[in-house]
Amino acid sequence: MSRRMTRKQKRLAVILGGMSFILVAVLLVMFAFSQSVAYFFMPSDLQKAAVQPGTRIRLGGLVEEGSVKRGAGSTVSFHVTDGGASVPVTYTGILPDLFREGQGVVTEGAFDGSHAFVADSVLAKHDENYMPKEVADGLKKKGVWKEGEGAKP
Amino acid sequence: MIIEIGHYALVLALATGFLLSVLPLMGARRGDAALMAFAPVGSVVQFVLVAFAFGVLTWAYAVSDFSVLNVWDNSHSLMPMIYKVSGVWGNHEGSMLLWLLILTLFSAMVALFGRNLPDTLRATVLSVQAWITVAFLLFILLTSNPFLRLDPAPAEGQDLNPVLQDFGLAIHPPLLYLGYVGFSVCFSFAVAALIEGRIDAAWARWVRPWTLAAWTFLTAGIAMGSYWAYYELGWGGWWFWDPVENASFMPWLAGTALLHSALVMEKREALKIWTVLLAIMTFSLSLLGTFLVRSGVLTSVHAFATDPSRGIFILAILTFFIGGAFVLFAWRAPTLKSGGLFAPISREGALVLNNLILTVSTATVLTGTLYPLVLETLTGEKISVGAPFFNLTFGLLMIPLLLAVPFGPLLAWKRGDLLGALQRLYVAAGLALAAGFGLLYAQSGGPVVAALGLAIGFYLVFGALADLWYRANFGKLSFKVAFARLKGLPRSAFGTALAHLGLGVTVLGIVAVTTFQTEHVVEMRQGETAEAGGYTLLFDGMREAVGPNFTEERGHFTVSRGGVAIADVWSSKRLYTARRMPTTEAGILSFGASQLYVSLGDHMEDGGLVVRIWWKPFILCIWGGAVIMMIGGFVSLSDRRLRVGAPSRRAKLAKVALEPAE
Amino acid sequence: MTLWILLAVITAGVSAVLIWPLMTSARPVEELREDEAAVYRDQLREVDRDRAQGLIGVEEAGYAKAEIGRRLLALADKRADAKGTGGGAASRARHRLAPLSVILCVPLIGLCLYLFLGNPDLPAQPLEARLANPGNNMALLVAKAERHLAEKPDDGAGWDLLAPIYFRAMRLGDAEMAYRNAIRLNGESSERLAGLGETLVASNEGVVTEDARHAFDRAVALDGRNMRARFYAALALEQAGRTDDARRAFEAILKDSPPGAAWISLVSEHIGKNGGAPLAAAPTAPAAAQKAPGNPNAAQVEAMQQLSPQERQQMIAGMVDTLAARLRDDPDNIEGWLRLVRSYMVLGDKAKASDALKAGLKTFPADQEAGRRLLALAKETGLSAEGVTP
């Protein structure tokens, strides 16, 4: 009888161990979400929402025409726009092959103290006709990218 | 005309699939041998039809028949033949046809190699396989038909996406699909077991070779994909925790768990229900992966042109199979009897721990992958879950698993001796710590955590060797006797040791590269030099070159060490003319397991060039470890015990010989 | 016909193979579980082997063998149970139904779905065979010339031939390359230079760029009677705002032109724009507009240059809308459609470009020369022709 009890206790211990492992994992996931999730913004969203300097976000939009300037070394600065607002971005490194003015990009990084966005990654895609999904949705919503009507002279 | 015959063959395969999904199942329920005998014949016929259709499409690509829309869209008459052929699966329609081909191939293999399965089980398994086949055939014929025609035919094709014109990507999808789709067999076995309402140790034995084969191919496919991303994207990264990568990684994690739980079931008839559930989950994750890749619901660096309407079809398939299987599971699983008991400290206990950690990790990766999608659907908020999330959660969860790996094989079944195992491992652990700190010192410093990470890698390698060492009893017996014992060990023991060792090598590579790699972004003009990893790179200037369907600017670098020139590196920027699409071809130079990686950036206004140079120490260990795991898989697969479930003349003879004794 | 015979043969063959297992005599289900027994017996042997090698202890081996033995016993019980049940008349009835389902299902599903999806009339068309016998398919002839030039890139005459064809097909990048190659290999000629210039103007939406102007000047220097080059050179002056020079140049063209030349009205219109007196006898503007519909006229071009980029964009969009409206009323204008599709692509409005492409293809089906030009343009600009072609 006592043998059976110990077996039951052992089983209980195993189950408790498993549950606590899962609990730890869940807490870990929640902690990681709070730490490392980057929200996606378009330039005009940033006027409404205050993003603290240093908070990692993703900034998406079109590379503004005529805004790309190569600075010292491999630092590049450009503006990301969604038609409504425009945010200056600096990036040090090699830009993707398909990075072009007027094309969609998604950059990831944070604002420094002086309202400039310092990106540590810039994404443009494999496909030439590609528009990052978030950017396409955002532009459609803002009416910059209209499918129905054309602009009047 | 041949094209139309290929198209017709695909349609006939669908007709066969309909029959195959019903007749054998009826036969199995009613005990009708003729109906059950229909299953293997039908499966082979179906495979032949699909293979013929696939062959026809390949032929159309090889001869550039632009009257086929799919060929026109994805091929070019001037492409090298290998990319013409790989172009078949370098696009949505063709890759789905490849998926189907492999699915029917597995069905045909179950039909041919499964002669020793009970007739009812084999018939049911093949019927379930046929359901999947029918779903994908409908998907292909109705939404992604590669045999649509163009009339009149254009004179030249649109070219294959340049990033796909690469040898690595030519063989990556077939390997990956062999893995993904291989798990369909496990799924079908699980569903068949639920339908039959009975499952036992023999079932696990029959499922194991299929799991092992799928796992091995998936390992190869993932490693290949990671290496491709490393050298083709020109970012120097080898894993991005990108949704598409996660999509292939989740079935691998679940499949690894399945591999281990099937072992427990085979030996001890324990974990039955869990194993069935895991088999269903693994294939569900494979389907989910296909859905994520094909529907474009998630942004990814690997995603090419996608079409949401197809996504809805795949979503329907996904819902039907996953939902259906789970409903069946909920209904039938309680009728399955649970099996053997075991102590927490035992081989079974270790494997349960393995399963617990692997499934929790899979769930973590799944959460991170799908959370942005779910959040956006619910609240409209857009977030991205990137590498930091996965590194933190997955990385931490893996540590206890990695520490436990060497214990598993050293513990006995039913009740193990933890102290004994510890005694056998402390030498390995000590050596590993020494090696970890030694390497850190040799690489002139780094955080202590890195030394511990390296030590875990070494510990896995030494632990795997220790397992073989103690099995052969090298310490106690004379070398000759021990060596003879080593040779006599079952191949699965070597398979296990190799797989665990390979894991260690991969861990070593990952930790080493993350800790010791150096990155230099420099502007260079002709004649200037840069330093990386103790090597000096002299930029000799750019040259123009022309390929069959691209033009390129190649930068030439002379690599020297201590003033002596030892190698050349070419790194280039290509422009593929048909699509006017630029790509970066990194220049990579291997020194042992380490690599020098040079990728070109933009031209500066003053005539200089931005060049990015990485020194990646021990990076080849990452994929080398995967290759060792793969070899382990194949060695295990060749173990004679697994062939009892599969055909083997010897086993058959044995069966015949033993029959009169019954 | 051959196709149908072959399809019938394949259908019959597949059905026959599928019926074969169903027709073999309905043997009763024999020993269902012998295969499992084989697995357990193998497990027993394995335990013995491990024991013999000393890999597991005596006690452990004993437990394992007992467990496997229990599995074998359970199996024997089940087998005894299963003996009771067996197929009877019901299964024989199903036997007649099953082959029937095969005979019905395979040809029915096969043919119906194939007729719905397939293109039985289309032969296979490997490119090599088509190139060997191109007939008068323009695209194939071009492809053939391209292949010839890919092998012998130094054949200047080939480039000479191909360049205007590219230009007419609006493959401007290729046309520019072909003109440049022809000039490099065969030397400059007034025709080649004018062609190159015109290509450059077309690829810059009607603006005479510095490069183009240079080409026209060289062309005029080589042959003063090259009216095309002189016209564009004058247009360059007009766009640069040098009205007087432009007017003088246009007037000179008019003077040197033979009476009744096609361009007289266009030139005269430009003279008017630059403050001169247009030729009284000249037919009015519509003729010119017909010749190059949608081309911005000089005044518009000039106005455009003074606008901010945004306003310019708007103005272009406005002109494109006008063109679209005109084409709606009078769709029989292939140049107009080509221009409309191009303009939408330049404006980055892929959806509209695709709509325009489809609308254009309605008037000019894809199997005609004009329609093919539309398709070629779509291809060149990367616009998908999916859904447009069968």
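This is a predicted model: local features need pLDDT of at least 70, side-chain atom pairs count only at pLDDT 80 or more; totals for chains, interfaces and linings use all residues.

Student: Which residues touch the most other members of the largest nonpolar core?

Tutor: That core has 220 residues, and the ones touching the most other members are B:Leu10, B:Trp99, B:Phe136, B:Phe187, B:Phe189, B:Trp203 and C:Val102. A second, separate core has 39 residues, including C:Leu162 and C:Ile253.

Student: Why does B:Thr124 count as buried?

Tutor: Its relative accessibility is 1%, and buried means under 20%, so B:Thr124 qualifies. B:Thr124 sits in helix α6 of chain B and touches B:Leu25, B:Ala28, B:Ala192, B:Ile195 and B:Glu196, leaving out residues up to four places away in sequence.

Student: What makes the pair B:Thr120 and B:Thr124 a polar contact?

Tutor: A polar atom of the B:Thr124 side chain lies 2.6 Å from the backbone oxygen of B:Thr120.

Student: Is B:Trp241 buried or exposed, and how do you know?

Tutor: B:Trp241 has a relative accessible area of 10%; the limit for buried is under 20%, so B:Trp241 is buried. B:Trp241 is in the loop between α8 and α9 of chain B, and has a positive phi of about 50° although it is not a glycine.

Student: Why is B:Phe618 called partly exposed?

Tutor: At 24% relative accessibility, B:Phe618 falls between the 20% and 50% cut-offs, so it is partly exposed.

How values were computed. Residues are numbered from 1 along each chain as its sequence is written. Chains are lettered from A and ligands numbered from 1 in the order in which they are written. Side-chain values use heavy atoms; hydrogens and water are left out. Helices (H or I, at least four residues) and strands (E, at least two) are DSSP runs, numbered from the N terminus. Buried means under 20% relative accessible area, exposed over 50%, partly exposed in between (1.4 Å probe, protein chains only). A polar contact is a pair of N or O atoms within 3.5 Å; within protein, one must be able to donate a hydrogen and the other to accept it, and residues adjacent in sequence count only if both atoms are side-chain atoms. Contact means heavy atoms within 4.5 Å. A nonpolar core is a set of buried Ala, Val, Leu, Ile, Met, Phe, Trp, Tyr and Cys residues joined through side-chain atoms within 4.5 Å.
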